[in-house]
Amino acid sequence: MASSNTVTVTLSQVAKMIDHSLLHPTMTDADIMEGLEISKKYGVATACIKPYAIPVAKKVLGGTGVGVCPVIGFPHGNSTTEIKVIEAEAAAAAGVEEIDMVINIGMALGGNWDYISNEIRRVNEAVVKHTAILKVIFENDYLQEAHIIKLCEICSEIGVAFVKTSTGYGFVKQPDGKYSYQGATVPHLKLMRKHSKPEVQIKAAGGVRTLDDLLHVMSLGVTRIGATATIAIMEEAERRGITDAPTKVTFRPVGEASSGAY
């Protein structure tokens with residue numbers, strides 16, 4: 001798809017890279033409704049929502065080709081496996097197309113891979129039996145490369161649909177006491193693509209804010225992003241002349257020598 005910093009895409013392909021994120025804790029029902037209309041207008045892949053909003057999301061997006069994607073154990077992944085399975089089962093049974101689940105990060109950091117594998121497997125089984133698919137969120141900001149590699153291997157063995165970098169809310173305390181995060185980084189995305197089976201897709205989330213960001217991660221083999229900046233991305237795509245016909249477009253690569261983050 002990509003040569004150097006040039007890709008050939010259609011406007012629809014750009015839109016279908018996006019899970020429009022409606023997950024901020026302060027979002028009201030009115031905010032969520034506005035976000036669902038944005039998702040519908042641009043024809044994104046899914047609207048990524050809080051589980052309680054499944055009924056309204058299905059009502060607004062039904063028949064539009066935009067999927068509904070609730071989150072499970074979000075954002076810290078600390079619910080018991082049993083609760084995650086119940087939550088995933090209920091969401092999938094409600095007829096959603098995709099589900100994003102956060103792993104138990106502490107268990108990964110502690111090397112309790114049997115726990116991690118069992119939890120992912122059980123949630124995936126609950127999801128796929130209702131014909132939905134599962135995206136597994138690692139929260140890379142908290143992890144070392146060895147953890148990310150192991151998680152990719154586990155998810156590949158289980159056969160989940162996607163592995164995902166971040167929630168967008170995995171803030172790490174810095175030496176000055178402030179909290180920040182990198183989210184999706186170029187080195188981590190390359191690592192995840194390398195260590196996941198080809199049929200396991202990669203979702204980049206956290207800091208992917210511009211069309212250039214989207215096109216760059218696409219060139220790395222990423223097939224989905226989580227974004228709140230959908231309007232800006234799609235308007236920029238139109239300004240840059242991307243249409244429904246395949247369009248060659250040059251993007252500005254992210255500098256890997258700096259933070260590598262978007």
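A polar contact is a pair of N or O atoms within 3.5 Å, in which one atom must be able to donate a hydrogen and the other to accept it. The views below show a predicted model.

**View 1. Lys 164 and its surroundings.** Lys 164 lies in strand S8, which covers residues 162-164, and at 3% relative accessibility Lys 164 counts as buried, because buried means under 20%. The side chain of Lys 164 makes a polar contact of 2.9 Å with the side chain of Asp 100. Apart from neighbours within four places in sequence, the residues in contact with Lys 164 include Val 136, Ile 137, Phe 138 and Met 192.

**View 2. Lys 203 and its surroundings.** Lys 203 lies in strand S11, residues 201-205, and is buried, with a relative accessible area of 1%. A polar contact of 2.9 Å joins the side chain of Lys 203 to that of Asp 100. Leaving aside neighbours within four places in sequence, Lys 203 is in contact with several residues, among them Asp 19, Cys 48, Lys 135, Phe 162, Lys 164 and Arg 224.

**View 3. Lys 135 over the ring of Phe 162.** The charged end of Lys 135 sits over the ring of Phe 162, at 5.7 Å from the ring centre. Lys 135 and Phe 162 are both among the residues in contact with Lys 203.

**View 4. The aromatic pair of Phe 74 and Tyr 169.** The model has 2 aromatic pairs. In the pair of Phe 74 and Tyr 169, the centres are 5.9 Å apart and the planes are at 80 degrees, an edge-to-face arrangement. Phe 74 lies in the loop between strand S5 (67-72) and helix H4 (81-93), and Tyr 169 in the loop between S8 and strand S9 (172-173), so the pair ties together parts that are 95 residues apart in sequence. Phe 74 counts as partly exposed, at 23% relative accessibility.

**View 5. The aromatic pair of Phe 171 and Tyr 181.** The ring centres of Phe 171 and Tyr 181 are 5.1 Å apart and their planes are at 85 degrees, so this pair is edge-to-face. Phe 171 lies in the loop between S8 and S9, while Tyr 181 lies in the loop between strand S10 (179-180) and helix H8 (186-195). Phe 171 is partly exposed, with a relative accessible area of 34%, and Tyr 181 is partly exposed, at 25%.

Definitions and conventions: Residues are numbered from 1 along each chain as its sequence is written. This is a predicted model: local features need pLDDT of at least 70, side-chain atom pairs count only at pLDDT 80 or more; totals for chains, interfaces and linings use all residues. Side-chain values use heavy atoms; hydrogens and water are left out. Helices (H or I, at least four residues) and strands (E, at least two) are DSSP runs, numbered from the N terminus. Buried means under 20% relative accessible area, exposed over 50%, partly exposed in between (1.4 Å probe, protein chains only). Contact means heavy atoms within 4.5 Å. Rings of Phe, Tyr and Trp (its six-membered ring) pair if their centres lie within 6.5 Å; planes under 30 degrees apart count as stacked, over 60 as edge-to-face and the rest as tilted. A charge sits over a ring if NZ of Lys or CZ of Arg is within 6 Å of the ring centre and within 35 degrees of the ring normal.
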